[in-house]
Amino acid sequence: PSTSETGIVDVIGVGAGFSGLYLSHRLTTAGWTFAGFEAGPSVGGTWFWNTYPGARCDVESIYYSYSFDEALQQEWTWSQRFAPQAEILSYINHVADRFDLRKHFTFDTRVVGATWNAADRLWEVQLDNGETRRGRYLISGAGGLSTPKDFDVPGLENFTGLQVSTSRWNIALDDLAGKRVAVIGTGSSGVQAIPLIAEVAEHVTVFQRTPNYVMPARNADLPPEQVAAVKDGYPAIREECRHSPGGIPDRPVTDNAFDVSDEERRRRYEEAYERSGFQGVGAEFADLLTDAEANRTASEFIHDKIREIVEDPATAELLVPRYHPLGAKRSVFGTDYYETYNRPNVSLVSLRDEPIETMTANAIVTSKGTYEVDAVVLAIGFDAFTGPLYGLGLTGASGKTLQETWHDGIRTYLGFMTTDFPNFFMVAGPLSPALASNVVVTIEQAVDWIADLIEHARDSGATLIEATPEAQNAWVDITEGTVAQTLYATTDSWYRGSNIEGKPNTFMGYVGGVGKYRRMCTEIAKRGYPGVEIDGETQSRNL
Ligand code: NA7
């Protein structure tokens with residue numbers, strides 16, 4: 001039925017970033033009616049909002065891009081190994097124009113509520129403009145890192161100087177020129193921004209809570225020969241990414257850290273450090289993410305690099321990441337990050353030694369001192385995965401909200417669905433490989449799998465799809481069992497919600513690899529969707 005006849009659209013989509021745009025393309029091509037809503041004024045999602053200085057993706061652009069259209073990947077040319085935010089955003093705009101996708105979305109409009117109407121088998125979706133829309137299916141492409149964490153710095157409301165956050169950057173870098181700037185937070189965002197802010201500011205004081213392992217990104221212009229070779233080989237390269245552990249071409253290693261001599265290990269780490277990226281030091285031996293002693297060799301290699309680069313020994317010791325093993329929290333890739341601490345106008349405050357007590361109109365007050373500043377840059381991270389999903393205000397079949405349903409832990413089937421929320425799907429949702437992969441690969445696979453499932457239902461005239469609790473429990477066991485074998489299990493991080501007070505302690509990703517995950521999902525589809533109830537009929541219960 002067309003929307004105009006019934007007021008019911010087949011699919012309501014949330015978000016016009018990498019997920020929502022491909023979703024709109026895939027579904028409308030297959031004949032579904034689709035109404036997308038995007039909170040921002042334009043396409044881009046994460047790459048629309050995160051415009052802070054130095055913002056770029058740390059997955060190489062030749063891989064961090066869509067693979068669904070051969071002509072698109074032949075025509076688009078990336079300028080750098082790690083394209084800056086502005087270039088990724090123009091790519092997304094190019095895709096939106098090329099496939100005429102903007103017409104599927106209403107911009108500046110946020111989904112703020114969604115209630116399952118069991119009698120009519122549809123979602124009633126409330127928008128922040130007061131309207132309600134009705135859709136058979138509701139599919140979230142709201143992103144994993146799209147809800148900024150609350151600004152939980154004590155006394156921030158007292159500060160009257162310039163205040164800006166990396167995730168909603170709305171000033172020019174030059175607005176910080178000649179100013180005394182505080183940067184709070186040293187995750188990927190802070191690490192990318194700090195060196196550039198230091199170039200214009202009078203002084204930068206970095207307030208660091210937990211030091212991270214920052215490895216040199218080694219960004220560079222892409223030579224035309226490499227671009228040509230990649231384009232020639234694109235279909236094969238994309239296929240390799242889809243079946244790889246991380247969504248980038250695999251660099252298989254089979255030997256363990258202690259299989260080689262100390263000297264040989266060091267030589268290998270040096271080489272890996274030059275190569276950089278997710279296949280750098282943290283991936284040089286097979287057991288680095290599973291064996292703490294093996295990991296220590298890689299972690300200490302980075303510790304030594306920091307001590308070599310940073311001239312002031314006291315500052316170097318504060319920057320040495322000693323609270324977690326390399327890779328157990330998101331690794332960070334930077335450009336001149338540690339070198340920046342050798343500048344006379346940059347200083348470091350360790351919040352572990354002197355926590356922030358409050359702020360005044362023009363200063364940050366720690367337990368040990370008062371730091372007068374003209375501007376505060378917050379780089380304090382996101383309420384990952386659940387932030388954007390809870391923001392949709394979902395109420396499921398039993399009348400409970402998603403937040404209530406997941407109160408004791410996040411539960412999904414394959415990251416796509418969650419029991420009690422029929423006809424609701426997530427692209428790159430929690431317990432999918434999203435957080436441990438080149439997310440564009442995970443997004444395309446999710447959209448294709450969800451589209452195939454709803455087409456399968458349509459073919460048999462079915463209108464109700466829900467994951468069974470048994471299948472969901474089995475998937476949660478698989479994700480937990482997989483992560484338990486790794487050092488991720490030993491470390492607090494946004495990966496498991498530890499950065500948000502009161503958030504359930506669930507590791508939010510499947511870390512068994514995108515290739516293995518894809519095989520499981522494909523097999524499930526082939527076998528007629530065991531674990532999924534279609535029109536009240538449970539498909540075979542074996543996972
Ligand atoms: P992250 O990686 O969550 O980093 C946030 C940083 O801010 C981290 O250093 C935090 O320290 C620090 N933080 C958070 N809250 C506070 C408060 N209240 N006071 C002081 N310091 C604080 O976010 P990013 O935006 O950098 O990166 C997110 C992801 O984007 C990244 O992992 C990539 O996947 C891309 P903590 O470590 O919690 O002690």
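Hi everyone, some housekeeping. Residues are numbered from 1 along each chain as its sequence is written. Because the model is predicted, local features need pLDDT of at least 70 and side-chain atom pairs count only at pLDDT 80 or more, while totals for chains, interfaces and linings use all residues. Helices (H or I, at least four residues) and strands (E, at least two) are DSSP runs, numbered from the N terminus. Two strands pair if DSSP finds at least two bridges between them.

Let's start with the parallel sheet. Five strands make up this open sheet, in the order E7-E16-E8-E9-E12. Strand E7 (162-165) and strand E12 (346-350) are at the edges with a single partner strand each, so one side of each has no neighbour in the sheet. From one strand to the next the twist averages 20 degrees; axes here are lines fitted to C-alpha atoms, for helices over the stretch in contact, and angles run from 0 to 180 degrees between N-to-C directions. E7 and strand E16 (residues 375-378) run parallel and are joined by 4 bridges, with Leu162 partnered by Ala375 in E16.

Helix H6 lies across strand E8 (180-184), strand E9 (203-208), E12 and E16, and runs at about 170 degrees to E8.

That helix takes us to the ligand. Which helix gives the largest share of the shell around the ligand? It is H6 (residues 188-200), with 3 residues. The shell has 20 residues, of which Gly185, Gly187, Arg209, Thr210 and Gly381 come nearest; a residue is near if its C-beta atom, placed from the backbone, lies within 6 Å of the molecule. By type, the shell divides into 8 nonpolar, 9 polar and 3 charged residues. In that count Ala, Val, Leu, Ile, Met, Phe, Trp, Tyr, Cys and Pro are nonpolar, Asp, Glu, Lys and Arg are charged, and the others, Gly among them, are polar.

On to the antiparallel pairings. Strand E4 (residues 111-117) and strand E5 (residues 122-127) pair over 6 bridges, and Gly113 stands opposite Gln126 in E5. They form a hairpin with 4 residues between them, where Arg121 in the turn has a positive phi of about 55 degrees. E5 also pairs with strand E6 (residues 132-140), over 4 bridges. This hairpin has 4 residues between its strands too, and Gly130 in the turn has a positive phi of about 95 degrees.

There is also an open antiparallel sheet of 3 strands, in the order E13-E14-E15. Its edge strands are E13 (356-359) and E15 (370-372).

Now helix H9 (residues 292-309). Its 18 residues should span 26 Å at 1.5 Å a residue, and the end C-alpha atoms are 25 Å apart, which agrees; the expected span is 1.5 Å times one less than the number of residues. Its buried residues include Ala294, Phe301 and Ile302. They pack against strand E10 (214-216) and helices H8 (262-275), H10 (313-319) and H11 (337-340).

Leaving out residues up to four places away in sequence, Thr386 touches Trp406, Ile410, Pro430 and Lys503, contact being C-beta atoms, placed from the backbone, within 7 Å.

Thanks, everyone!

Terms used. Buried ≥ 20, exposed ≤ 12 C-beta atoms within 10 Å, placed from the backbone. Contact = placed C-beta atoms within 7 Å.
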